[in-house]
Amino acid sequence: MPSAVTGTKLHMAFRLTPHERGFYPLFTRAAENIVAAAEELTKLVAAEPSGRPVLAARVKDLEHTGDDLTHEIMVKLNSVFVTPFDREDIYRLASSLDDVLDAIEEAADRIVLYRLDALPAGISVQADVLLRAARATASAMPGLEKLDSLREYWVHVNSLEDEGDEAYRELLRDLLAPTNDASPLDVLTVLKIKEIVETLEEAADAFETVANTVESIAVKEA
Amino acid sequence: MPSAVTGTKLHMAFRLTPHERGFYPLFTRAAENIVAAAEELTKLVAAEPSGRPVLAARVKDLEHTGDDLTHEIMVKLNSVFVTPFDREDIYRLASSLDDVLDAIEEAADRIVLYRLDALPAGISVQADVLLRAARATASAMPGLEKLDSLREYWVHVNSLEDEGDEAYRELLRDLLAPTNDASPLDVLTVLKIKEIVETLEEAADAFETVANTVESIAVKEA
Amino acid sequence: MPSAVTGTKLHMAFRLTPHERGFYPLFTRAAENIVAAAEELTKLVAAEPSGRPVLAARVKDLEHTGDDLTHEIMVKLNSVFVTPFDREDIYRLASSLDDVLDAIEEAADRIVLYRLDALPAGISVQADVLLRAARATASAMPGLEKLDSLREYWVHVNSLEDEGDEAYRELLRDLLAPTNDASPLDVLTVLKIKEIVETLEEAADAFETVANTVESIAVKEA
């Protein structure tokens, strides 16, 4: 029955086998690890300067855990037969989760490294957006297997990205074009805060890439 | 006739079917949309500060149109059978067109957001390079189907990229290492203009990625 | 014997044929070209300002050579039948080698363009890390064919990346949060040096991407 065989092959090309679905628990763990890091970041941006180094160290530890998970996914990806199409999606999903955590770790590190004093309120908004995006992502990952509720997740992350983008724009405007009644920051402080604000925006963008990749997988598997 | 069947499959792997060529009108529309945005940007950088917000709003609208076109291409890409090879090219082409427009929109937005007064003349050169690259890209897109004149387009965009790069280098030098007879800008103004100049250079780089991807498709399909 | 045929096809999917291995000498040449550029960069950051332009011009020439090699790899990639999986690896390897050299050239160019006087000592550390990473990469490339010693190379480049990252962090801290006993730099000088330091860090990151891609190829081919 050649046509049945062909059918099976086409099926293989567009659906992950149970074995290949073994990727998804790893993605759930990677996303839960990002939730933990985003929780520490939220505490860090609300903490007194003296309380920040211990929180940044925890974020660093979680980033190492994330690196191990990314590496585990990549090794699995390279040793399992899946179609190239799905393979690129998996690669992109793992890479963008890794990018989120790298940016969170870098922001936490720089806040400590630059010995910053008070942080603008908008940075707490950015951290809160990241925490909510992390939780949405961790909740969505188990749905990859059954392709459940993924559209809702995608819409949610995109709306969080818009919220983050608005906070980012306002932070940049207040840093670079402050109104007359704001007490001006010295330029080195502007540079330090600008770098942190940009790094947090990169994390939000990477969450959007995660969501776009998940949507892409969902459309193909539907 | 197994060998004939194999021949057909190989053919499928390296040529887009008429159905799959349905991507190309979408790419033409995406490129024409970028032309419209680059035209507004050119007006914006020549306008008085009071005339800028309405032009930036038009660029924003065109960016939303571009997002819809990118999404339409991605959905089509995920629901149509093409080989992964071509698929990655299509993904890259759509992403880099999206990157061009995002950068143009961001530059237009920042010029308004930062309440900048006069802009350096080099920024008009950058905007003009982008407009010419957009027009070259829009003219080339219909050629994707017949693989016409694509080499000429690639050479043209690369030469525009060199022109843009020269304007970018001179702008950075004048901002960061002004000669003695130039009246120095205050540092916040330097930071604002530097960001805009860098964003416009990103748009030019993204046009080069578009051209490289088109060349790659052309070589494979030739 | 259908199963034998299938076996052959699977073999094709996961091993490069001798013809396709023709990529690897090109990668070796690209990596050796980067070694030459990193050597000039090391001299440049140690030179008196008056001696820099001639060294930056040599880096520029080597970057043109690198562009030609990248183009040769891409044309070969597009005209040869390999599986999409391997194809994406080759694309990524060529692109990340190109990114290394672009960043080295940009850093060299900016040091001259900005008429910088003394450079912080950390920049010599960054340049030295790049030179060692370049040599490790050039030594590893011939191993791609036999899949020899690639794990060792990957570990080596990752440890160099850590070393570069530490130098980068310290440079940023000294630029943006100098201790009281350091004589403060004027802000434009901070901006100039920050840009160069960031560009050199991009080169180090691109070497890590090269190493990750090589590891990925090695795992698949093992």
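**How the chains meet: a group meeting talk**

Good morning. Across the interface of chain C and chain A, the rule finds five residue pairs in polar contact, both residues being at pLDDT 80 or more. A polar contact here is a pair of N or O atoms within 3.5 Å; within protein, one must be able to donate a hydrogen and the other to accept it, and residues adjacent in sequence count only if both atoms are side-chain atoms.

A word on conventions. This is a predicted model, in which local features need pLDDT of at least 70 and side-chain atom pairs count only at pLDDT 80 or more, while totals for chains, interfaces and linings use all residues. Residues are numbered from 1 along each chain as its sequence is written, chains are lettered from A and ligands numbered from 1 in the order in which they are written, and side-chain values use heavy atoms, with hydrogens and water left out.

I stay with chains C and A. The contact, meaning heavy atoms within 4.5 Å, takes 25 residues from chain C and 18 residues from chain A. Two salt bridges are counted between these chains, a salt bridge being a side-chain nitrogen of Lys or Arg within 4 Å of a carboxyl oxygen of Asp or Glu. A:Glu195 and C:Lys194 meet in one, at 3.7 Å from N to O.

I turn to chains A and B. Here 24 residues of chain A are in contact with 17 residues of chain B, and about 1900 Å² is buried between them, 64% of it on carbon and sulfur atoms. The rule finds two salt bridges across this interface. B:Asp109 forms a salt bridge with A:Arg169, and their closest N and O atoms are 2.1 Å apart. Five residue pairs, both at pLDDT 80 or more, are in polar contact between chain A and chain B.

How are chains C and A related? A rotation of 120° with 0.0 Å of shift along its axis superposes chain C on chain A, with an RMSD of 0.0 Å. That is the relation of a three-fold axis. The superposition is by least squares on the C-alpha atoms of residues with pLDDT of at least 70 in both copies.

Finally, only 16% of the interface residues of chain C are also interface residues in chain A, so the copies meet through different surfaces. Thank you.

Methods: Buried area = accessible area lost by both parts, 1.4 Å probe.
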